[in-house]
Amino acid sequence: MPLGGDSYLRAVRAKYNEIEIWPSSDRWLAHVQHWIRGCIAEWKPDLRLKPDSRILNAGSGDESYNLAPGLVVDCDIADRKLVGLPCGVAGDLANLPLKTGSVDVCLCVGSVVNYVSDLPRAIGEIARVVKDDGRLILEFESSRSAEYMFTPHFGRDVSQVRTYYIYEDENIWVYHEDHVRHLLEAAGFKIVARSGAHFIGPLVYRFKRNLHYAARFARFDKWVSWIPHLKPHSANIIFLCQRR
Ligand SMILES: C[S@@+](CC[C@H](N)C(=O)[O-])C[C@H]1O[C@@H](n2cnc3c(N)ncnc32)[C@H](O)[C@@H]1O
């Protein structure tokens, strides 16, 4: 996959137009999807959804996460994934095809922002379309994941890494949690809840290079997430945010 610019975007689009996004045979991803679903379910009351709510599922792929009540607009660069979705709109997170202040809730999960070279712009776009009292659920992959320990990427605000993700190695950007926090706060979002996934698995993967084996350690997430020194080092982080 090329390193950036339009050719990168085209390659991401081509990949996601072709693949099954959450193959059930992939234990690592199955855990991530289960965790995302769990967080959405837990935080749903805070989204204050009503029948006339407008929900943007940014970088939706073909997964609508059953957010109801409300009208869900699924938006993705991979246009073929939108076929059959009731309200699918092809579009780039860096330039959302939606009006300012037109959305009550934005869901952006499944490492969508890790494909974006300009995170401030993507967060700026989300902030533009979300109403003043709106909500955001944002999930991303962290540069403090143990996978990057002892590499120049570890703990960087933004770093482009080559990592295995759905069938092949690819280039994505990973972010320091504090960097994402600062951008969200600067865009007018307050983070009101947080969770992490894959704490020990990334370290195992770092040395063993076997994702399937490393995924077995996800079963310890529930306990490890309470250990202060390990808490910041999950591979995936999710925030619930509300406008201030
Ligand atoms: C791992 S999939 C997650 C899909 C979905 N959010 C889910 O949780 O099932 C990442 C998605 O991000 C989309 N994506 C990547 N870069 C994007 C961009 N700049 N604008 C919109 N979507 C993008 C991809 O096409 C892909 O569908």
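The buried residues of helix H4 are covered by several elements, including helix H3 (119-129), strand S5, strand S7 (169-175) and strand S9 (236-243). The structure described here is a predicted model. Helix H4 spans residues 177-186, and its buried residues are Glu177, Val180 and Leu183. These residues lie on the same side of H4, because they cover an arc of only 130° around the axis. The face turned away from that buried side carries the exposed residues Asp178 and Ala186. Just after H4 comes Gly188, which takes a positive phi of about 95°.

The secondary structure comes to 7 helices and 9 strands. Along the principal axes, the C-alpha atoms fill a box of roughly 50 × 40 × 30 Å. How does the radius of gyration of the chain fit with that of a compact globule? A compact globule with 244 residues would have a radius of gyration near 18 Å, and the 17 Å of the chain agrees with this. Of the 244 residues, 40% count as buried.

The interior can be described next. In soluble globular proteins, nonpolar side chains tend to be buried together. In this chain, the largest nonpolar core has 60 residues. Ala58, Cys106, Leu107, Cys108 and Ile126 are the members that touch the most other members of this core. Leaving aside neighbours within four places in sequence, Cys106 is in contact with Leu56, Ala58, Ile126, Val129, Val130 and Leu136. Two of these partners, Ala58 and Ile126, are named among the core residues that touch the most other members.

Attention now turns to the ligand. There are 20 residues around the ligand, and those that come nearest are Tyr16, Gly59, Gly61, Glu63 and Gly110. By residue class, the shell divides into 11 nonpolar, 5 polar and 4 charged residues.

Arg10 and Ala78 are 68 residues apart in sequence, and their C-alpha atoms are 9.1 Å apart in space. Is Arg10 buried, exposed or partly exposed? Arg10 is partly exposed, because 13 other C-beta atoms lie within 10 Å.

Several details of the backbone are found in the loops. The loop between strand S1 (54-58) and strand S2 (71-76) holds Pro69. A cis peptide bond joins Ala68 to Pro69, with omega about 0°. Arg48 is placed in the loop between helix H2 (27-47) and S1. Although a residue other than glycine, Arg48 has a positive phi, near 50°. Arg48 counts as partly exposed because 13 other C-beta atoms lie within 10 Å. Phe150 belongs to the loop between strand S5 (130-141) and strand S6 (158-164). The phi of Phe150 is positive too, near 65°, again in a residue other than glycine. With 8 other C-beta atoms within 10 Å, Phe150 is exposed.

How values were computed:
Residues are numbered from 1 along each chain as its sequence is written. This is a predicted model: local features need pLDDT of at least 70, side-chain atom pairs count only at pLDDT 80 or more; totals for chains, interfaces and linings use all residues. A residue is near a molecule or strand if its C-beta atom, placed from the backbone, lies within 6 Å of it. Ala, Val, Leu, Ile, Met, Phe, Trp, Tyr, Cys and Pro count as nonpolar, Asp, Glu, Lys and Arg as charged, and the others, Gly among them, as polar. A residue is buried if 20 or more other C-beta atoms lie within 10 Å of its own, exposed if 12 or fewer, and partly exposed in between; C-beta atoms are placed from the backbone. Helices (H or I, at least four residues) and strands (E, at least two) are DSSP runs, numbered from the N terminus. A nonpolar core is a set of buried Ala, Val, Leu, Ile, Met, Phe, Trp, Tyr and Cys residues joined through C-beta atoms within 7 Å. Two residues are in contact if their C-beta atoms, placed from the backbone, lie within 7 Å. The arc is that of the directions from the helix axis to the C-beta atoms. The radius of gyration is taken over C-alpha atoms; the globule rule is 2.2 Å times the number of residues to the power 0.38.
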